[in-house]
Amino acid sequence: RIVPDDRGEAMFERGDTQALYAATAWQGTRDNVQFSLLSSHGDSGSAAGAWIDASARRGRYAHNYGAFRLGEDLAWGAYPISNDVQGGYYRINYQYARWTWNAGLDAIDSISGKGFDGLYASSFARYQASSSLGYGGSLNLRHGAGDTGYSAQAFVDRQGDWGQTRWQLDRAQGNGNDSWQVVVD
């Protein structure tokens, strides 16, 4: 297994895990659904997980949604895998002509009560004003037990004779921290 050492760096720890993965899917012209099961048994314990992912295309919109339950101590050999969580998500994407935007919402709960419980929302928008100028931004919100955080970004992209330039402003706040960053690339 790959685990953190005293300084938080990755180290290998000997262990034994057996796992079984099974999936089935259906795909139509505009829709598809996949259902997956994972079961593992190893030195750290036994667990099972299941998740369903679906997508639907409707005109210029693409919808993605799903639900999951991944038991405590779920493992896949030596590779880290999400576990001790259950929840669901929904995402929508739109692209047409000069506009691109997307938004999503995730709800996550710890099965054992020892992990993160909360909501995560994200959004992004970009407008291509001309062949040489585009602008947009993003906003991400996280709300969990005892803390709320966010990050926001605004940017302008300009294509010129010397190449592409991007001006960007980033702002983040959460867990008692506050961050500002201005970037010109």
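Guide: Read along the sequence, the chain runs β-β-β-β-β-β-β-β-β-β-β-β-β, with zero helices and 13 strands; helices (H or I, at least four residues) and strands (E, at least two) are DSSP runs, numbered from the N terminus. This is a predicted model, in which local features need pLDDT of at least 70 and side-chain atom pairs pLDDT 80 or more, while totals for chains, interfaces and linings use all residues. Residues are numbered from 1 along each chain as its sequence is written, and side-chain values use heavy atoms, without hydrogens and water.

Visitor: Why is the pair of Tyr 21 and Trp 51 called stacked?

Guide: Ring centres of Phe, Tyr and Trp (its six-membered ring) must lie within 6.5 Å to pair; planes under 30 degrees apart count as stacked, over 60 as edge-to-face and the rest as tilted. Tyr 21 and Trp 51 have 6.1 Å centre to centre and 25 degrees between the planes, which makes a stacked pair.

Visitor: Why is Tyr 94 called buried?

Guide: Buried means under 20% relative accessible area, exposed over 50%, partly exposed in between (1.4 Å probe, protein chains only). Tyr 94 has 16%, so Tyr 94 counts as buried, whereas Trp 101, at 28%, counts as partly exposed.
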